[in-house]
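Work through the exercises below with the coordinates open. Try each task before reading its solution.

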Amino acid sequence: MRFLGIFFLVMGLSATAAMAEGPAPASAEQKQKSPEQQAMDQLAEAGLRQALQAIQRSGGLYPFGLIQSGETVRAVGYSGEKADAPSAEEWAQGLFMQLRKIGKEQPDIELMGLFRLHDITAENGEKVTGVWAQVDHRGVRPWVIFLPLLKNEEGKHELGDMVYYATEQPLFEKSGE
């Protein structure tokens, strides 16, 4: 796949601002999580918020990544001409590989996340679209989160319950890979 460009944008507006608003009181579940897992949750929350804002503004979402080093969060996204942009699926695959490369070349990066739209088939056979996020920390196992966007009786979308599961495809190359 031909990469037309990657841009790094300091997320001084919303991702860092959301994280800088101050920590919410820790729930019993959060207190049981390691600091690495809590950091993953914060990055996932910031990315999901960005994804939902993009969907609300434009009706869609083109895949993007977030990388974090210390308190600095940066976005990674497509920066070429819109007419030349690969499909969202192709870009998501290329972005996954680009994030792995960034993680390998920049050891100061502690966290990475990949965010995109994804369709699943529900138990009743209906197609459900939602925001799919993979979040990885150098020190712990990566997680995938799926936030379904469900149509209500009025035909409008509302957020469903998030689904979390561990994945075997980390963004960071682990030792032995």
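Exposed means over 50% relative accessible area, buried means under 20%, and partly exposed lies in between. The model is predicted.

**Exercise 1. Classify both partners of the salt bridge between Asp119 and Lys127.**

Solution. 
- Start with the contact: the side chains of Asp119 and Lys127 meet at 3.7 Å, N to O.
- Check the cut-off: a salt bridge needs a side-chain nitrogen of Lys or Arg within 4 Å of a carboxyl oxygen of Asp or Glu.
- Take Lys127: its relative accessible area is 61%, so Lys127 is exposed.
- Take Asp119: its relative accessible area is 40%, so Asp119 is partly exposed.

**Exercise 2. Find the N to O distance and the sequence spacing for Arg49 and Glu45.**

Solution. 
- The side chains of Arg49 and Glu45 form a salt bridge at 2.7 Å, N to O.
- Both sit in helix α3, residues 35–58.
- They are four residues apart, so about one helical turn separates them.
- Arg49 has 28% relative accessibility and is partly exposed. Glu45, at 49%, is partly exposed as well.

**Exercise 3. Trace the strand pairing around β4.**

Solution. 
- Strand β2 (residues 64–69) pairs with strand β4 (residues 111–121) in the antiparallel sense, over five bridges.
- On that side, Phe64 stands opposite Phe115 in β4.
- β4 also pairs with strand β5 (residues 127–137), antiparallel, over eleven bridges.
- Here Leu114 has Gln134 in β5 as its bridge partner.
- β4 and β5 form a hairpin with five residues between them.
- In the turn, Gly125 has a positive phi of about 90 degrees.

**Exercise 4. Which strand gives the most to the nonpolar surface patch?**

Solution. 
- List the members: Trp143, Met162, Val163, Tyr164 and Tyr165.
- Together they have about 460 Å² of accessible area.
- Strand β8 (residues 163–166) gives the most, with three residues.
- Check one member: Val163 lies in strand β8.
- Patch residues need over 30% relative accessible area. Val163 has 41% and is partly exposed.

Technical notes: Residues are numbered from 1 along each chain as its sequence is written. This is a predicted model: local features need pLDDT of at least 70, side-chain atom pairs count only at pLDDT 80 or more; totals for chains, interfaces and linings use all residues. Side-chain values use heavy atoms; hydrogens and water are left out. Patches are made of residues with over 30% relative accessible area and no salt bridge: like charges are joined within 9 Å, nonpolar side chains (Val, Leu, Ile, Met, Phe, Trp, Tyr) within 5 Å. Accessible areas come from the Shrake-Rupley method with a 1.4 Å probe; for residues, only the protein chains shown count as cover. Helices (H or I, at least four residues) and strands (E, at least two) are DSSP runs, numbered from the N terminus. Buried means under 20% relative accessible area, exposed over 50%, partly exposed in between (1.4 Å probe, protein chains only). Two strands pair if DSSP finds at least two bridges between them.
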